[in-house]
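Subject: Structure for your review

Dear colleague,

Please find the structure below, followed by an account of what was found in it. I would be grateful if you would read the two side by side.

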Amino acid sequence: MTAEPLEKTLFTIVSDCLTGLGYDLVRLKFSPAKHRATLQIMAEPSDGRRMSVEDCANISRNLAPVLEVADPIATAYNLEVSSPGIDRPLTKAEDFTRFQGLEAKLTLKLPHEGRKRFQGIIGAAADTAHITIKQDDTLLTFAFADISDAKLVLTDALLKTATWN
């Protein structure tokens with residue numbers, strides 16, 4: 001099984017399980033290795049509350065048997081479950097709407113005006129296919145599909161939005 005179909009299969013299995021448990025899948029990463037592969041799951045509660053260690057344990061306890069039965073990974077692997085953290089990755093177009101007004105770092109798949117990396121304040125976008133950031137005094141718009149990696153930047157503004165329960 002090639003990596004792309006395996007990741008799609010894993011995404012379906014994991015996201016369905018998490019949805020049933022009351023969580024959203026933020027990111028899934030499978031890293032094959034010579035001796036032992038790793039399946040990293042980053043999740044958050046669907047109700048918007050802060051992710052706890054107990055949430056990670058709950059996901060791991062419930063997801064491990066589902067993966068065991070489905071058996072999509074042919075080799076031994078480690079299952080790692082974590083919170084996205086405060087400076088979380090932005091993996092869906094909706095994340096840019098949710099975190100509008102906060103600072104983010106973006107890496108593009110291909111250079112834009114000779115650069116792949118940008119950092120700025122997330123602005124309002126006309127649609128979910130595009131995101132906008134304000135860098136210095138320049139408004140930049142990128143197709144969401146052109147972004148290879150994005151995450152929030154740890155700033156005072158981000159810290160003010162955090163709920164510390």
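**The second largest pocket**

The second largest pocket holds about 250 Å³ of space. A pocket here is an open set of points on a 1 Å grid over the protein atoms alone, where a 1.4 Å probe fits, with protein on both sides within 12 Å along at least five of seven lines; lining residues have an atom within 4 Å of a point. Grid points are joined across faces, edges and corners, and the volume is the space filled by probe spheres set on the points.

This is a predicted model, in which local features need pLDDT of at least 70 and side-chain atom pairs count only at pLDDT 80 or more, while totals for chains, interfaces and linings use all residues. Residues are numbered from 1 along each chain as its sequence is written, and side-chain values use heavy atoms, with hydrogens and water left out.

The lining of this pocket consists of Arg27, Pro89, Leu90, Thr91, Lys109, Phe144, Ala145, Ile147, Ser148, Asp149 and Ala150. Six of the lining residues are nonpolar, two polar and three charged; in this scheme Ala, Val, Leu, Ile, Met, Phe, Trp, Tyr, Cys and Pro are nonpolar, Asp, Glu, Lys and Arg are charged, and the others, Gly among them, are polar. Strand β8 (residues 147–152) contributes the most to the lining, with four residues.

**Overall architecture**

The protein has four helices and eight strands. These elements are DSSP runs numbered from the N terminus, with helices (H or I) of at least four residues and strands (E) of at least two. Along the sequence they follow the pattern α-β-β-α-β-α-β-β-β-β-β-α. The C-alpha trace spans about 55 × 40 × 30 Å along its principal axes.

Of the 165 residues, 34% are buried, where buried means under 20% relative accessible area, exposed over 50% and partly exposed in between (1.4 Å probe, protein chains only). Among contacts between residues at least 6 apart in sequence, 52% join residues at least 24 apart; a contact means heavy atoms within 4.5 Å.

**The three-stranded sheet**

An open sheet of three strands has the order β1-β2-β3, with mixed pairing. β1 (23–31) and β3 (77–82) stand at its edges, each with a single partner strand, so one side of each is left without a neighbour in the sheet. From one strand to the next, the twist averages 15 degrees. Two strands count as paired if DSSP finds at least two bridges between them. β1 and strand β2 (residues 37–45) run antiparallel and are joined by eight bridges; Lys29 stands opposite Gln40 in β2.

Helix α2 (residues 53–70) packs on this sheet and touches β1, β2 and β3, its direction making about 145 degrees with that of β3. Such angles run from 0 to 180 degrees between N-to-C directions, with axes fitted as lines to C-alpha atoms, for helices over the stretch in contact.

**The five-stranded sheet**

An open sheet of five strands has the order β7-β6-β5-β4-β8, with antiparallel pairing. β7 (138–143) and β8 stand at the edges, each with a single partner strand, so one side of each has no neighbour in the sheet. The twist here averages 40 degrees from one strand to the next.

Strand β4 (residues 103–112) pairs with β5 in the antiparallel sense over six bridges, and Thr107 has Arg117 in β5 as its bridge partner. β4 and β5 form a hairpin with two residues between them, and Glu113 in the turn has a positive phi of about 50 degrees.

Strand β5 (residues 115–123) and strand β6 (residues 130–135) run antiparallel and are joined by three bridges. In β6, Ile133 is the bridge partner of Ile122, and Thr132 is that of Gly123. This hairpin of β5 and β6 has six residues between the strands.

**Two buried residues**

Val14 lies in helix α1 (residues 3–21) and is buried, with a relative accessible area of 0%. Not counting residues up to four places away in sequence, Val14 touches Leu25, Leu28, Ile41, Leu63 and Leu67. Glu44 lies in strand β2 and also counts as buried, at 9% relative accessibility. Leaving aside neighbours within four places in sequence, Glu44 is in contact with Tyr23, Asp24, Val26, Met51, Pro84, Arg88 and Arg98.
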